[in-house]
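Hi,

Here is the structure I said I would pass on.

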Amino acid sequence: MEKPPVNGKYTDKEKHRLFNEEFMPNLDAMYNFAYRLTYDADDANDLVQDAFMKSFRFINSFQRGTNAKAWLFRILKNSFINDYRKKSKQPSKVDYQDVEGFYNSEKTESEATVDLRVDTVKNMIGDEITIALNSLDVDFRTVIILCDLEGFTYEEMSKILDIPIGTVRSRLHRARNVLKIKLEVYAKSMGYNKN
């Protein structure tokens with residue numbers, strides 16, 4: 001077992017070893033989580049990059065021997081929340097050239113807006129499940145992703161989300177119930193009858 005960092009700091013060699021051996025193997029899981037939060041490949045990549053930059057910058061606060069994946073997911077989740085808050089406080093931005101081009105085109109009578117999240121998953125397996133999951137409130141969606149898709153324990157989720165375990169359990173219960181209701185119609189159409 002390795003020694004704890006001297007004076008609370010890792011050497012440069014230890015930092016690079018920790019980053020490469022404990023953090024980088026979680027890259028795919030981090031991207032999947034980021035994509036499920038943002039619905040956008042570029043935004044997910046930016047979020048993952050930001051989380052990994054922060055993880056390296058604050059590597060001295062990582063305690064060797066703990067769950068690196070949970071630590072990284074917490075950084076990613078906090079980055080997502082901070083970015084979401086920042087964007088929600090900014091006024092909407094409009095590219096007037098796009099608007100002008102749209103109204104000057106002959107297709108102005110067609111549908112004005114397209115939900116890209118729906119278009120992205122339209123031809124994928126499990127469309128209804130993906131759409132139902134994406135339609136959940138971000139708090140509900142996050143606990144389902146962390147628990148049911150990523151396999152975190154309640155304790156790990158509590159640390160990632162910075163909420164009590166009881167809140168994790170109740171939120172997960174409510175999220176699963178909402179998802180169940182959303183998928184009942186789909187299940188019946190596929191021949192699954194609730195008896």
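Let me begin with the rings: there are 9 aromatic pairs in the structure, where rings of Phe, Tyr and Trp (its six-membered ring) pair if their centres lie within 6.5 Å. One of them is Phe19 with Phe23, an edge-to-face pair at 5.9 Å centre to centre and 75 degrees between the planes (planes under 30 degrees apart count as stacked, over 60 as edge-to-face and the rest as tilted). Both sit in helix α1 (residues 12-23), and because they are 4 residues apart there, about one helical turn separates Phe19 from Phe23. As a reminder, an α-helix has 3.6 residues a turn, so residues three or four places apart point the same way. Phe19 is buried at 15% relative accessible area, and Phe23 is buried at 0%; buried means under 20%, exposed over 50%, and partly exposed in between, with a 1.4 Å probe and protein chains only. Phe19 and Phe23 also belong to one aromatic cluster with Phe52, Phe56, Phe62 and Trp71.

Before going on, a caveat: this is a predicted model, so local features need pLDDT of at least 70 and side-chain atom pairs count only at pLDDT 80 or more, while totals for chains, interfaces and linings use all residues. Residues are numbered from 1 along each chain as its sequence is written, and side-chain values use heavy atoms, leaving out hydrogens and water.

Next, a helix pair. Helix α2 (residues 27-38) packs on helix α3 (residues 41-57) at about 130 degrees, with the axes 8 Å apart; axes are lines fitted to C-alpha atoms, for helices over the stretch in contact, and angles run from 0 to 180 degrees between N-to-C directions. That makes α2 and α3 oblique to each other (under 35 degrees is roughly parallel, over 145 roughly antiparallel, 65 to 115 roughly perpendicular, the rest oblique). On the α2 side, the contact (heavy atoms within 4.5 Å) includes Met30, Tyr31 and Tyr35, and on the α3 side Leu47, Val48 and Phe52 are among the residues involved. The contact residues divide into 11 nonpolar, 2 polar and 1 charged, with Ala, Val, Leu, Ile, Met, Phe, Trp, Tyr, Cys and Pro as nonpolar, Asp, Glu, Lys and Arg as charged, and the others, Gly among them, as polar.

Thr38 lies in α2 and is buried at 17%. Leaving aside neighbours within four places in sequence, Thr38 touches Asp43, Ala44, Leu47 and Phe80.

Cheers

Note on methods:
Helix = DSSP H or I, 4+ residues; strand = E, 2+ residues; numbered from the N terminus.
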